[in-house]
Amino acid sequence: MFLGSIEKAVKNIIFKPTILLPMIVMGVFVLLAELLSNWVLQRPIADMFLYPNAFSATNLLQMMLTRYPLELTTMLISGVIMIFVSVVVFISITKFASGKSVIEAINESVIEAKKSIGLTIFVIVAGFLAIIALFAITWIFEQLLLILGTSLIGDFVGLILYPIVALILIILFLTKLSFILPALVADDVRHAVQKSWEFTNTNFWQSFVFIIINLIIVYIILQIFSFIGLAIGDFDFISSIIGTAIAITFFILAISYYYFS
């Protein structure tokens with residue numbers, strides 16, 4: 001099932017390259033968003049270089065809220081829009097994997113805006129909770145290290161136990177929620193999250209290994225196009241957009257075919 005899903009994803013990218021169109025359009029959108037971010041953050045970054053003492057002596061979040069409310073609001077809104085556009089694109093790729101044509105997949109993903117909005121909200125909330133959980137775990141281990149001090153047990157807790165706990169949470173989060181997109185084809189967001197969670201109950205480690213294999217392939221694809229970008233020079237952004245489109249499309253197709261099979 002591993003090789004079959006990967007092979008099917010590769011064949012579709014090679015013989016049906018139009019499936020890359022949603023990700024290529026998104027790549028251009030991301031490029032424009034980066035230009036907007038650079039323009040919006042120009043004043044805060046300039047102030048950081050001109051008045052470094054003021055930034056180091058003041059709470060950064062408080063300063064952003066009081067001195068740069070427009071910039072902060074623009075970044076937050078553009079971030080939410082980027083997540084929404086990404087969700088629409090990812091859903092269209094998953095629908096293609098379910099048997100739709102490229103045009104049908106794109107049309108349905110745009111029409112079903114309710115699912116996209118729901119998944120966007122879920123991604124934001126889940127990401128926020130994941131960050132809080134990471135900070136909470138880090139804080140707990142920092143308190144333990146203060147209590148234990150520089151001892152053999154303290155070294156064990158800081159150097160071994162903490163990375164293990166963090167890694168376990170990342171593995172759990174990554175594996176349990178990776179199949180929401182294919183599950184979303186037939187269900188709403190709430191049931192898709194539930195289906196993704198249930199899907200890995202009986203084959204958790206198999207699913208995890210499959211995801212890791214696909215992430216390695218994604219990394220290789222990105223590195224290849226990174227080298228191509230270095231050779232191109234001034235037009236390296238074209239290589240970056242194409243490479244990212246191929247890598248992410250492959251990953252979504254592979255996990256979708258794995259889920260559907």
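Colleague: Which are the buried residues of helix 11 (residues 189–199)?

Modeller: This is a predicted model, in which local features need pLDDT of at least 70, side-chain atom pairs count only at pLDDT 80 or more, and totals for chains, interfaces and linings use all residues. Residues are numbered from 1 along each chain as its sequence is written, and side-chain values use heavy atoms, with hydrogens and water left out. Helices (H or I, at least four residues) and strands (E, at least two) are DSSP runs numbered from the N terminus, and buried means under 20% relative accessible area, exposed over 50% and partly exposed in between, with a 1.4 Å probe and protein chains only. On these terms the buried residues of helix 11 are Val189, Ala192, Val193 and Ser196.

Colleague: How many helices and strands does the secondary structure of the protein come to?

Modeller: Read along the sequence, the pattern is α-α-α-α-α-α-α-α-α-α-α-α-α. The secondary structure accordingly comes to 13 helices and 0 strands.

Colleague: What percentage of contacts between residues at least 6 apart in sequence join residues at least 24 apart?

Modeller: A contact means heavy atoms within 4.5 Å. Among contacts between residues at least 6 apart in sequence, the share that joins residues at least 24 apart is 73%.

Colleague: What distance does helix 2 (residues 21–40) reach from its first C-alpha to its last?

Modeller: The expected span of a helix is 1.5 Å times one less than its number of residues. Helix 2 has 20 residues, and the expected value is 28 Å. Close to that value, the helix reaches 29 Å.

Colleague: Which residues are exposed on the other side of helix 2 from its buried residues?

Modeller: The buried residues of helix 2 are Pro22, Met23, Met26, Gly27, Ala33, Ser37 and Val40. They cover an arc of only 140° around the axis, which puts them on the same side of helix 2. The exposed residues on the other side are Val25, Leu32, Leu35, Asn38 and Trp39.

Colleague: Which side chain meets that of Lys11 in a salt bridge?

Modeller: Side chains of opposite charge can pair when their charged atoms come close. A salt bridge is a side-chain nitrogen of Lys or Arg within 4 Å of a carboxyl oxygen of Asp or Glu, and by this rule the count comes to 5. At 3.0 Å, N to O, the partner of Lys11 is Glu7.

Colleague: Which residues do salt bridges that share partners join into one network?

Modeller: Glu108 forms a salt bridge with Lys100, with the closest N and O atoms 3.2 Å apart. Glu112 forms one with Lys115 at 3.8 Å; Glu112 is partly exposed at 27% relative accessibility, whereas Lys115 is buried at 18%. The network joins Lys95, Lys100, Glu108, Glu112 and Lys115.

Colleague: Which helix gives the largest share of the nonpolar patch?

Modeller: Patches are made of residues with over 30% relative accessible area and no salt bridge, like charges being joined within 9 Å and nonpolar side chains (Val, Leu, Ile, Met, Phe, Trp, Tyr) within 5 Å. The nonpolar patch has about 1000 Å² of accessible area together, and its residues include Ile212, Tyr219, Phe237 and Ile242. Helix 12 (204–232) and helix 13 (236–260) are the elements that give two or more residues. The largest share, 8 residues, comes from helix 12.

Colleague: Which residues does Asn12 touch, not counting residues up to four places away in sequence?

Modeller: Asn12 is found in helix 1 and counts as buried at 10% relative accessibility. Not counting residues up to four places away in sequence, Asn12 touches Pro17, Ile19, Phe96, Leu253 and Tyr257.

Colleague: What distance separates the C-alpha atoms of Pro17 and Val102?

Modeller: Pro17 is found in the loop between helix 1 and helix 2 and is partly exposed at 46% relative accessibility. Pro17 and Val102 are 85 residues apart along the chain, and their C-alpha atoms are separated by 9.8 Å.

Definitions and conventions: The arc is that of the directions from the helix axis to the C-beta atoms. Accessible areas come from the Shrake-Rupley method with a 1.4 Å probe; for residues, only the protein chains shown count as cover.
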